[in-house]
Amino acid sequence: MSGDYNAWYGRVYPRLSGHGLWLRGGELNTLSPEQYGRRPFRVLFARLSTYQDTAESFTHTQLYAIARSVAGVFPDLAYLPPRHDLPFFEQDRVPWLLGTQTHRGPRDFDLIGVSNSIVQELVNLPSMLKHSSIPLRKSERMKDATLPLVLLGGANALHTSVFWTDDPPID
């Protein structure tokens, strides 16, 4: 799913958890959405947990800062939508992988960097991909040049053997 979901966010944010604060963007030291058009390589750093659970993550902000400092790279952040907000996403076919700064879907990025901190988060990856129209099989993703690469890292990356298959959900 690609596209600009700013109008959707403007319409539904009062009904989202915490009045949509988790999806508003504009955190300290983040690039303005206007930079999206000026930086040709776009990276979406996705957390497999909600903003409320992971917003203070040191490594997530470090990844963002490193990417932001590279010429031509536009980073954005995405979080697992809170359970309360899922009906709003589903009703309007909004991807779960949605940039907080740009409100853009995953096909508007060149790379999705999935940050996995704890093993329990792994169960969220298939749902995040599925509800963002990203195929769960690498072989399917590789056939579509419009899809971003999906890379996984983080503190739990050593314990992701569940994804070590012939056709994994990550690249």
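A residue counts as buried under 20% relative accessible area, as exposed over 50%, and as partly exposed in between (1.4 Å probe, protein chains only). This structure is a predicted model, in which local features need pLDDT of at least 70, side-chain atom pairs count only at pLDDT 80 or more, and totals for chains, interfaces and linings use all residues. Residues are numbered from 1 along each chain as its sequence is written, and side-chain values use heavy atoms, with hydrogens and water left out. A salt bridge is a side-chain nitrogen of Lys or Arg within 4 Å of a carboxyl oxygen of Asp or Glu; by this rule the count is 7. Helices (H or I, at least four residues) and strands (E, at least two) are DSSP runs, numbered from the N terminus.

**Arg11 and Asp92**
- The closest N and O atoms of this salt bridge are 3.4 Å apart.
- Arg11 belongs to helix α1 (residues 6-12) and Asp92 to the loop between α5 (86-91) and β3 (111-115), so the bridge ties together parts 81 residues apart in sequence.
- Asp92 is partly exposed, at 29% relative accessibility.

**Arg47 and Glu121**
- In this salt bridge, 3.9 Å separates the closest N and O atoms.
- Because Arg47 lies in strand β1 (residues 41-47) and Glu121 in the loop between β3 and α6 (124-130), the pair joins parts 74 residues apart in sequence.
- Arg47 is buried at 3% relative accessibility, and Glu121 is buried at 4% relative accessible area.

**Arg137 and its partners**
- Asp167 and Arg137 form a salt bridge through their side chains (3.0 Å, N to O).
- Salt bridges link Arg137, Glu140 and Asp167 in a network.
- Arg137 is partly exposed, with 44% relative accessibility.
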